[in-house]
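Here is a short report on the model shown below. Keep the structure open while you read.

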Amino acid sequence: MLATGLIGEAALIAGVNVNVSEIHGMAQRGGVVESAVTMGDIMSPIVSDGEADILLSFEPSETLRSGAKCSKLTTVITNSHPLHPFTVAIGKGVYPDIEAAFEVMRGRVKKLFAINANALAHEAGSVLSMNMVMLGAMAKHAELPITPNHLKQAIKENTKASFLDINLKAFDLGYNT
Amino acid sequence: MNPILIPEAGQKHLLLGNLAIARGAIEAGVAFVTCYPGTPSSEIPDIFFQIEPETDIYFEYSTNEKVAFEVGAGAAASGIRTLVAMKHVGLNVAADPLMTLAYLGVEGGMVIVVADDVSLFSSQNEQDDRYYGKLSNLPIMEPSSPAEAKDMVKYAFDLSEELKLPVIFRTTTRINHSSGIVTFGALKTRVTRGKFVKDPSKKVAIPAVSRVLHRILLEKYDRASDLANSSDYNFISGQGKWGIITNGISYAYTLDALADLNLRNQVAVLRLGFTHPFPKKLVQDFLRGKEKVLIVEELEPYMETEAKAASYEAGLKTPIAGKSEELFSRLYEFSPSMVRAKIASYFGFPYQAITPIETSDLPDIPDRPPTLCAGCPHRTTLYSVKKIAGEDTIYPCDIGCYGLAYIPPLSASDYSICMGSSISSACGISRTTGRKTVAFIGDSTFFHSGMTGLADAVHNKHNILVVLLDNGTTAMTGYQINPGMDTEPLGRDKQRIKPEDVVRGLGVQDVHVIRPRNLKKTQETVKAAMQYDGVSVIISEEICPLFARRIGKFPKRPVFQVDQERCKNHRDCINYLACPAFYLEGENVMINPDLCIGCAVCGQVCPENAIRPVKKGE
């Protein structure tokens, strides 16, 4: 399940109104996937440029691509582990200097917090739990109308039994960053 | 039990818009569901496919939207509540029965869900299907949220039975693919067994009958107009001297904008959910006394034009604005901030937008276009065909994953209009250019609308090669079943129709069935077919690896690696095949073992035989 879906489920558990917007179909074909969550007294399911309170990004170059969603009020939580687009992998595109770009971006947003979520997911037992690490980091470093326990409850209710321990561990590793 | 079937009322669930629509239909007692899958509508049929074994709701993936519509019409004519779902362009395919079923009407409630793909996230155009309401005279309902969608579908069934007309339930991607909190209602008892009452004077659309039925349709239209004018789904919120008329997801943006701008007491909002027949009287009453009115609607100025006509008929002078250079575009979807800014500017209200951070000096980000997966058999087939047929041959390409081969290096799509167009357009291109033209089409698309084009090609003796990419599923939209595939692994008892039998049955003489991962044989076959004068068909059979994984039929094969001592860096592998499992480490071509599926194709492409399977223990 997508991380945004879990945030939505957590909001439902917490009794907070929530709208989740997803673009389907292209994730497994290697394209960019962007989802949005809005919570509280709001009907719109998408977030306009400059209006994201939180940018949660699973790939560092995608953090830069989504830069326009941010303002000086935005908290950015990002994975620092790159996933090269195929063009870059075969030498037909240049992957940006992420460290330098993050330094520039950090000065323009409220807070930019980067972690190697792949490494932590690996430590939790599966690199597939990277999104759980990111949710944990968000629960710790961003202001949310829901608590970490709401998120953990949502994970418990929506994870296959065989993956649950890994996912919860990954969440905790992210939370303890 | 699948949660969508929970009989108790009152539970709250976070539901995708499409699932909310399905739940609404289940609550309404729907007993018959047909579709052809298409983004953004596909989750509606997919949930019915999933729950089929545990309910008595009949469900089918039909061969195309016209067929889905007509199968559904037969059920509705027999008194059964019927749901038919498709994407916006699907209604073009089903437009023929739509137009005349409006004359015949229905006995059981029939709801046609059409999902407009505003902004073309996954479609060939962004047409506004509301105009099908005007064209057919059928009612249209449009929800503004998943929660409303669920209740509105229920109402649409009641409306359909009240008017004895099919009802168009029009959504946009932002409704289909947004989730919201939905409160479950009680389930109406399903009636699954119907009775068809013969009445040729009302049910057989011959001229003498249809002349009468057209009059009846217009009478129903007038009744539908009365219902639209008093519908609870057309309501006013807020108040003030200014007005906004809006629909669908734009209503959400509008309400949020008015709250942000503190304008709820200066602007009254008329939200239309029952948008066709246009509630003329209601709109006239709303316009009366307003200083000015703004129409907030995505795509075409449907409501704007109707509102202006209604205003003129009532002799009103209220300025009405909507689509213009300064205000709203007919292109693409809206965003909350854009709607906020336009509302502020139209009503002359001061507003300072939040400034996004400066990004112009951030480094360029390489594109990340969707590509064919590692080991995808389509890539292999297209690579071989292009290698033999060359760059000068024209390649009309159909709609499916293989459309992703539009980008280099495969560049295997030269012309593409709509489902099924590859074969028929190849006929026209071949006839006028005097060259054998090569059409690419997938298995599901072939059954959808490729067969008729192929009959034309054979009958009219066109000189084309059809490459039928048979990956054993409808991959692009989410692995739905189609007539050509084996449904046994999915636990469903459907009759398989082999594409080869169809192709031969349609009179094609030059038919070849190949396994694309054998490059030598494949390329010899393409060469022979290119030299054949007439219609050739190559059926390229290889299961979609993602689908194989889903059904537990994914073979365990050794992954491949580049022998760095043998590699001479020709780079044919990345320059022509371009499987995403390749990457460069320094100047060395490497293969990512997590992505490689061991298809062995790159090993055949390498001129130095430097790509070899990883042996056990290596």
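Leu299(B) sits in the loop that runs between strand S13 (292–296) and helix H13 (302–313) of chain B. This is a predicted model. The phi of Leu299(B) is near 65°, which is positive in a residue other than glycine. Is Leu299(B) buried or exposed? Leu299(B) is buried, because 25 other C-beta atoms lie within 10 Å and the cut-off for burial is 20 or more.

Arg571(B) also has a positive phi, near 65°, and is a residue other than glycine. Its loop lies between strand S19 (560–562) and helix H21 (572–577) of chain B. Arg571(B) has 17 other C-beta atoms within 10 Å, so it counts as partly exposed.

## Two cis peptide bonds

Which residues does the cis bond with omega of about -5° join? They are His276(B) and Pro277(B). Pro277(B) belongs to the loop between strand S12 (274–276) and helix H12 (280–287) of chain B.

Another cis bond runs from Pro408(B) to Pro409(B), with omega near 5°. Look for Pro409(B) in the loop between helix H15 (377–389) and helix H16 (421–433) of chain B.

## Helix H7 of chain B

Helix H7 of chain B covers residues 146–163, 18 residues in total. From first C-alpha to last, H7(B) reaches 25 Å. That is close to the 26 Å expected at 1.5 Å a residue. Of the 18 residues of H7(B), 14 are buried, so the helix is largely enclosed by the rest of the structure.

Lys164(B) follows H7(B). The phi of Lys164(B) is positive, near 60°.

## Chain A

Chain A contains eight helices and five strands. Along the sequence, their order is α-β-β-β-α-β-α-α-β-α-α-α-α. The radius of gyration of chain A is 16 Å, close to the 16 Å that the globule rule gives for 177 residues, so chain A is as compact as a globular protein of that length.

Along the principal axes, the C-alpha atoms of chain A fill a box of roughly 45 × 35 × 30 Å. Of the 177 residues in chain A, 50% are buried. Take the contacts in chain A between residues at least 6 apart in sequence: 57% of them join residues at least 24 apart.

## Where the chains meet

Strand S1 (residues 18–21) of chain A pairs with S8(B) in the antiparallel sense, over three bridges. Within these strands, Ser21(A) stands opposite Ser178(B) of S8(B).

Note on methods:
Residues are numbered from 1 along each chain as its sequence is written. Chains are lettered from A and ligands numbered from 1 in the order in which they are written. This is a predicted model: local features need pLDDT of at least 70, side-chain atom pairs count only at pLDDT 80 or more; totals for chains, interfaces and linings use all residues. Two strands pair if DSSP finds at least two bridges between them. Helices (H or I, at least four residues) and strands (E, at least two) are DSSP runs, numbered from the N terminus. The radius of gyration is taken over C-alpha atoms; the globule rule is 2.2 Å times the number of residues to the power 0.38. A residue is buried if 20 or more other C-beta atoms lie within 10 Å of its own, exposed if 12 or fewer, and partly exposed in between; C-beta atoms are placed from the backbone. Two residues are in contact if their C-beta atoms, placed from the backbone, lie within 7 Å. The expected span of a helix is 1.5 Å times one less than its number of residues.
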